[in-house]
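Look over the sequence and the fold, then read on.

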Amino acid sequence: MVAVLTGQPTDLAVAVHGAACAAATGGYPVAAAAVASSGFSINPVLHQARADRYTAQSAAIVARVASLLARPGLVCRRATLVVPRRATTGPGASIASVPAGRLLALARRHGASIRCTASHTPHGMNREKSAT
């Protein structure tokens, strides 16, 4: 189960719902923190600084809800989902701006069959089966 966290207030609801899905399926939870891309750089020093920033932002986002996702005897895995800046900032910030291909690749990499994200549907939470 992959829970996509964006650092927004909806992360708590996503974590609770994700933990319930993981418990129901017997899988392990993966907390994927969406961090804004800062673009491409060929400078190795800037590349390393960017990677360190992604790691720090991801850790901070997941730390807020890790206790909700983990259960006794099973820890929550953390992953970083680098997304375009429009997906995490500004008036049009929305999880819908996260490229589906990146989310699907992350789910496949971790063997996850369920993605849990915050959505603007009438039911609030979006639980989807992946195409794997």
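Buried means under 20% relative accessible area, exposed means over 50%, and partly exposed lies in between (1.4 Å probe, protein chains only). By that rule C21 is buried, because its relative accessible area is 2%. This is a predicted model, in which local features need pLDDT of at least 70, side-chain atom pairs count only at pLDDT 80 or more, and totals for chains, interfaces and linings use all residues. Residues are numbered from 1 along each chain as its sequence is written, and side-chain values use heavy atoms, with hydrogens and water left out.

| Residue | Relative accessible area | Class |
|---|---|---|
| C21 | 2% | buried |
| V35 | 2% | buried |
| C76 | 18% | buried |
| L12 | 49% | partly exposed |

**Cysteines**

C76 counts as buried at 18% relative accessibility. How many disulfides does a search of the whole structure find? The search finds zero. A disulfide is a covalent bond between the sulfur atoms of two cysteines. The test used here asks for a pair of cysteine sulfur atoms within 2.5 Å.

**Strands**

Helices (H or I, at least four residues) and strands (E, at least two) are DSSP runs, numbered from the N terminus. Strand β1 covers residues 2-5. Both of its faces are covered. V2 and V4 are buried on one side, A3 and L5 on the other. Strand β2 spans residues 30-36 and runs parallel to β1. Four bridges join the two. Strands pair if DSSP finds at least two bridges between them. V2 stands opposite V30 of β2.

V35 also belongs to β2. V35 is buried, with 2% relative accessible area. I61 is 26 residues away from V35 along the chain, and their C-alpha atoms are separated by 9.1 Å.

**A helix with two sides**

Helix α4 takes in residues 100-109. Its residues L103, L106 and A107 are buried. Seen down the axis of α4, the buried residues fall within an arc of 100°, so they line one face of the helix. That arc is taken from the directions from the helix axis to the C-beta atoms. G101 and R109, on the other side of α4, are exposed. After α4 comes G111, with a positive phi near 70°.

**A surface patch**

L12 lies in helix α1, residues 11-25. L12 is partly exposed, at 49% relative accessible area. Together with V16 and L68, L12 makes a nonpolar surface patch of about 260 Å². Accessible areas come from the Shrake-Rupley method with a 1.4 Å probe; for residues, only the protein chains shown count as cover. Patches are made of residues with over 30% relative accessible area and no salt bridge; like charges are joined within 9 Å, and nonpolar side chains (Val, Leu, Ile, Met, Phe, Trp, Tyr) within 5 Å. A salt bridge is a side-chain nitrogen of Lys or Arg within 4 Å of a carboxyl oxygen of Asp or Glu.
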